[in-house]
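Here are a few friendly notes to read alongside the model. Keep the 3D view open and look for each pair of side chains as you go.

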Amino acid sequence: MAKDINWKKTYAAVWRGKKGRLRAVSDLDTIAMDDLLGIDTQKAEFRQNLEQFLDGRPRNHVLLWGARGTGKSSLVKAALNTYGDQKLRVVEVEKQDIDDLPEISDLLRELPWRFLLYCDDLTFEAGDPRYRYLKVLMEGSIERPPENILMMATSNRRHLVSEKMQDNLAATLGPNGEIHHGDTVEESTSLADRFGLRLSFYAPPQDQYLQMVDRLFTDYAGDREMLHREAINFATARGGRSGRVAKQFYNYFATQISGSDNEG
């Protein structure tokens with residue numbers, strides 16, 4: 001349970017829904033804010049909101065949405081490394097365990113720490129009733145929402161709920177030209193509206209992608225132009241550029257270099 005975890009030494013935990021308990025995380029990703037390139041605007045807004053939360057000032061729940069591999073989850077990890085000494089803690093919840101949010105909230109709300117309740121790649125299919133658990137956590141019901149919990153979600157969907165063309169066909173036009181959306185569209189947008197801070201992430205332009213590659217290959221003494229060509233070809237073969245692709249290229253190319261050295 002949450003009280004069994006030594007939060008003074010434990011910065012993060014994951015919720016194990018089948019067992020109904022938290023498991024402490026000991027091997028944390030060491031990524032830092034300065035490692036995240038091409039998202040300076042998102043970092044600034046994210047940090048401002050997070051510092052307000054840590055200071056007990058008004059803050060907004062956060063939705064990080066956009067292209068895969070562009071730094072959304074890395075930003076959450078970097079936040080823990082930056083603010084862990086300021087009583088920030090992270091509890092990760094898998095999307096299939098969203099209906100456990102009331103129990104998790106009960107475990108955390110009386111503790112003297114500031115928790116990011118983090119769900120990666122959060123999406124709902126139309127008609128899935130579990131999104132209501134998020135609404136209750138963020139806005140409360142008969143009981144006020146916990147002051148020491150900030151909801152943090154990443155998603156590839158801006159509205160979190162899948163949308164279909166027929167959903168938009170249900171919209172009607174009012175007498176003064178105003179648009180009245182169908183119930184399904186209203187439901188999908190109302191969930192995203194609960195996140196007061198919504199930050200968008202896009203694939204980086206080529207020059208930023210190459211900066212990410214160079215940051216990973218700081219000790220590389222070979223032909224830098226050749227390295228860039230290989231990195232561009234690698235991204236093209238995978239259908240796009242991102243920080244994740246840059247790291248995958250590093251893993252791939254470092255192996256190639258190591259293999260060449262062994263052959264020599």
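Predicted model: local features only at pLDDT ≥ 70, side-chain atom pairs only at ≥ 80, totals over all residues.

**Notes on the charged pairs**

1. Which residue is the salt-bridge partner of Lys-77? The partner is Asp-29, and the closest N and O atoms of the two are 3.8 Å apart.

2. Now find where the two sit. Lys-77 belongs to helix α2 (residues 72–83), while Asp-29 is in the loop between β2 (21–25) and α1 (40–54), so their pairing ties together parts 48 residues apart in sequence.

3. Next, look at Arg-109 and Glu-143, whose side chains meet in a salt bridge at 3.4 Å, N to O. Here both residues lie in loops: Arg-109 between α3 (101–108) and β5 (114–119), and Glu-143 between α4 (131–139) and β6 (149–155), so this pair ties together parts that are 34 residues apart in sequence. Glu-143 is partly exposed, with a relative accessible area of 45%.

4. Another pair to find is Asp-55 with Arg-57, a salt bridge whose closest N and O atoms are 3.2 Å apart. Is Asp-55 buried or exposed? Asp-55 is exposed, at 52% relative accessible area, because exposed means over 50%. Arg-57, at 40%, is partly exposed.

5. To finish, how many salt bridges does a search of the whole structure find? The search finds 10, and the pairs described above are among them.

Key. Residues numbered from 1 in each chain as written. Heavy atoms only, no water. Salt bridge = Lys/Arg side-chain N within 4 Å of Asp/Glu carboxyl O. Helix = DSSP H or I, 4+ residues; strand = E, 2+ residues; numbered from the N terminus. Buried < 20%, exposed > 50% of the residue type's maximum accessible area, 1.4 Å probe, protein only.
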